[in-house]
Each structure stands twice: as C-alpha cells, then as structure tokens.
Amino acid sequence: MVEGKINEIHGWAAKKPGIKVEPWSYKPRPIGPNDVEIEIQYSGICGSDLHTIKDEWQGTSYPAIVGHEIVGRVITKGEKVSEFSEGDIVGVGAQVYACLRNDCEACSNDLDPHCPKMVPTYNGKYADGEQSQGGYASAVRVDANYVFKIPPSISPEHAAPLFCAATTVAAPMLRKGVKKGDRVGVVGIGGLGHLALQYARALGAEVYAFSHSPNKKQQCLELGASKFVLTSDKEELKNAHHMLDYLLVTSSSKANQYNEFISWMRYQGVVVILALPEGHMQFSPFEFVLNEVGITGSLIGGHRIIEKVLEMAVEHNIRPIIEKYPIDQVNEALKHMDDGKARYRIVLTH
C-alpha cells in the first residue's frame with residue numbers, strides 16, 4: 001500500500017446545525033491501489049453545502065467538512081493508477097466512488113450517481129463505515145475514476161464550479177438529447193441558471209431565460225439566451241405559453257408555481273427539477289394530462305457526464321461567473337451565499 005504524503009488533513013467543519021464552520025482536522029483513510037491524493041487549491045461553494053451544514057435535508061453527521069467542487073494538485077497515487085502523475089491539476093465533483101460494474105443497473109446505464117455503493121464527496125459513508133469529507137480542507141483522497149484532469153485552457157478557479165453546478169444543469173440536457181432547434185427555458189438566473197443558459201446554447205437550443213429581475217436581461221442575452229422573459233410582466237408570460245420543449249427549474253421556486261411552469265410547455269414537453277422547493281409541490285393533474293407534459297428530476301452527473309461537461313467548456317468557452325474568498329474567510333463567504341448575494345458562484349482559495 002502506498003503511503004500518503006499527508007498524515008492529517010486540516011479543514012473547516014460544521015460541528016452543529018447553522019451557518020458556521022470552524023477549524024478541524026482528521027486522519028485520512030489509507031490510500032488504496034486506485035486512489036489519488038490531492039492537495040486542494042480551490043473549492044467552490046454549492047447550495048448543497050449550506051443545506052448540509054444547516055441540516056436542512058436532515059441526516060448530516062457532524063463534524064462535516066463540505067465542498068464538492070474541488071480543484072488541486074495530485075501529490076500521491078495508488079499503485080494501480082496510471083492516468084495521473086504527481087503535479088497534475090485535477091478536479092473532483094459531488095461523487096467519489098461507485099462500483100462501475102457492468103452488472104450494476106445504474107452504472108451500466110451511465111447513472112453511477114444512483115449506484116447502490118455510491119459515496120458522495122462529503123457526508124457519505126465508505127464500505128468500511130468511515131465518513132467522507134469534502135473540499136473545505138487541505139487535501140482529499142479519492143477513487144481515480146472520479147478525478148478529472150483540468151484542461152489547460154480553463155483556469156483552475158473557473159474549473160471548480162464546473163464539477164457540480166455545470167454538471168448538474170448539463171446532465172439532464174445531455175441525457176435527454178437536447179439538440180439544435182429545441183426550445184429550452186431556464187427559471188432562476190443564478191449559480192445554476194447562468195451556466196444552464198451557456199450549455200443549452202452550446203447544444204444548439206433556442207434558449208429562454210425566465211427571471212423576476214429586469215436588471216439581468218442584458219447579461220442573460222450575453223450568456224446565450226435568445227429571449228428574456230420577465231416573470232412579473234403578465235404580457236410576457238402570456239406570450240411564453242406553449243413555447244418550450246424543456247424547462248430547467250434551477251431556483252427554489254414556490255411550490256404552487258408548477259401549474260404556471262406547465263403552461264409554458266409544448267405538448268410532450270418536460271419540466272426538469274434541479275432545485276428543491278420547500279414543502280410539497282402543488283399542481284393540477286389536468287394540466288399534465290391535457291398537455292401531455294412530463295415532470296422529472298435530475299441529481300448530479302456521473303463520470304462520463306463530467307468528461308463531456310469539461311469538453312464542452314473548452315469547445316464553447318463556457319465559464320462560470322465567480323467571486324473569490326480566501327479559505328480563512330469561509331464563514332463570510334457562506335453568509336454571502338446564504339443571503340443570496342453571490343454572483344454567481346463563490347470559489348474559496350486555499
């Protein structure tokens with residue numbers, strides 16, 4: 001077994017529900033033959049991080065180091081790892097393990113985030129019972145299948161949000177085969193939505209941005225929207241009826257907005273939920289039946305999806321809009337994010 005270069009990982013952990021993390025260290029699990037040890041240089045803040053440290057989804061096991069938009073430098077690798085070398089700049093997303101077996105229903109269908117043995121980057125459990133810890137830390141050890149080289153044309157700090165935010169919005173479009181001529185709507189132009197506009201445009205779609213903020217119109221058009229729809233303008237919403245083949249819901253919309261969302265869909269259109277509303281969704285089944293509209297959710301992207309996301313980012317010059325904070329100001333950054341002031345992704349520098 002290869003010895004790691006780091007005996008103790010220092011990070012910023014949540015120790016109880018709330019918007020606060022504090023210094024905490026842990027002894028990392030041994031490096032397996034297929035593992036890679038990464039010295040972390042950048043880590044993005046995701047909405048999931050806030051939900052987890054506040055225990056809003058319940059089930060957080062404290063202490064918890066969150067962060068699953070990780071970029072850093074390879075410093076050690078297991079004896080079976082041949083695709084990476086020490087010094088490579090690499091990234092890690094929201095998943096650090098799946099079985100990837102051909103007889104696994106999920107993995108064999110490129111749905112490895114649903115593998116029964118899947119381990120999320122943080123607040124998950126390995127087979128030996130040890131808890132996974134994330135990227136607000138000095139280092140991380142990860143299965144090599146979930147480590148990805150950063151293309152040289154993408155700066156490391158801009159690469160970080162591609163591993164969760166970009167992957168989350170691109171995954172359903174890639175899986176459903178969004179193509180040239182399709183009409184794709186995006187609700188919520190924020191951390192997810194501003195990337196959804198770019199990936200939809202890259203796939204050739206006619207892109208509609210839906211926002212309650214009129215001051216975002218010009219930026220939406222620059223990011224790839226063909227049309228901007230101001231959701232507070234009844235006439236603009238009326239003109240949006242039966243326009244879309246796909247609608248990506250990227251903000252935590254109100255639970256009773258889904259009837260309106262359905263009205264924007266063409267026959268057999270699909271509404272994709274990427275952000276969870278509070279409580280239960282409310283809608284009339286008649287709207288679904290009469291318009292033959294489908295509604296679905298999407299989790300994260302597996303390793304093949306992440307590879308495609310990076311490839312598209314290079315080919316189409318897709319980049320997140322970011323703000324940077326030093327890691328020792330992580331609590332200020334978390335509050336800035338929780339207050340809804342981030343434009344649009346926050347990246348911590350280590």
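This is a predicted model: local features need pLDDT of at least 70, side-chain atom pairs count only at pLDDT 80 or more; totals for chains, interfaces and linings use all residues.
The largest share, three residues, comes from E8. By class, the lining of the second largest pocket holds eleven nonpolar, three polar and six charged residues. Here Ala, Val, Leu, Ile, Met, Phe, Trp, Tyr, Cys and Pro count as nonpolar, Asp, Glu, Lys and Arg as charged, and the others, Gly among them, as polar.

The structure also holds one cavity of 30 Å³ or more. The largest cavity has a volume of about 120 Å³. Its lining has 13 residues, with Tyr26, Arg29, Tyr126, Gln133 and Arg141 nearest its centre. Six of the lining residues are nonpolar, four polar and three charged. On a 1 Å grid over the protein atoms alone, a cavity is a set of points where a 1.4 Å probe fits but cannot get out; a pocket is an open set with protein on both sides within 12 Å along at least five of seven lines; lining residues have an atom within 4 Å of a point. Grid points are joined across faces, edges and corners, and a volume is the space filled by probe spheres set on the points.

The protein has ten helices and 17 strands (DSSP runs numbered from the N terminus: helices H or I, at least four residues; strands E, at least two). Buried residues (under 20% relative accessible area, 1.4 Å probe, protein chains only; exposed is over 50%, partly exposed in between) make up 55% of the 350 residues.

The bond from Tyr62 to Pro63 is cis, with omega near -5°. Pro63 sits in the loop between helix H1 (47-53) and strand E4 (70-77). Arg343 and Tyr344 are also joined by a cis bond, with omega about -10°. Tyr344 lies in the loop between helix H10 (330-338) and strand E17 (345-349).

Asp55 has a positive phi, near 60°. This residue lies in the loop between H1 and E4. Asp55 is partly exposed, at 23% relative accessibility.

Residues are numbered from 1 along each chain as its sequence is written. Local features need pLDDT of at least 70, side-chain atom pairs count only at pLDDT 80 or more, totals for chains, interfaces and linings use all residues, and side-chain values use heavy atoms, with hydrogens and water left out.
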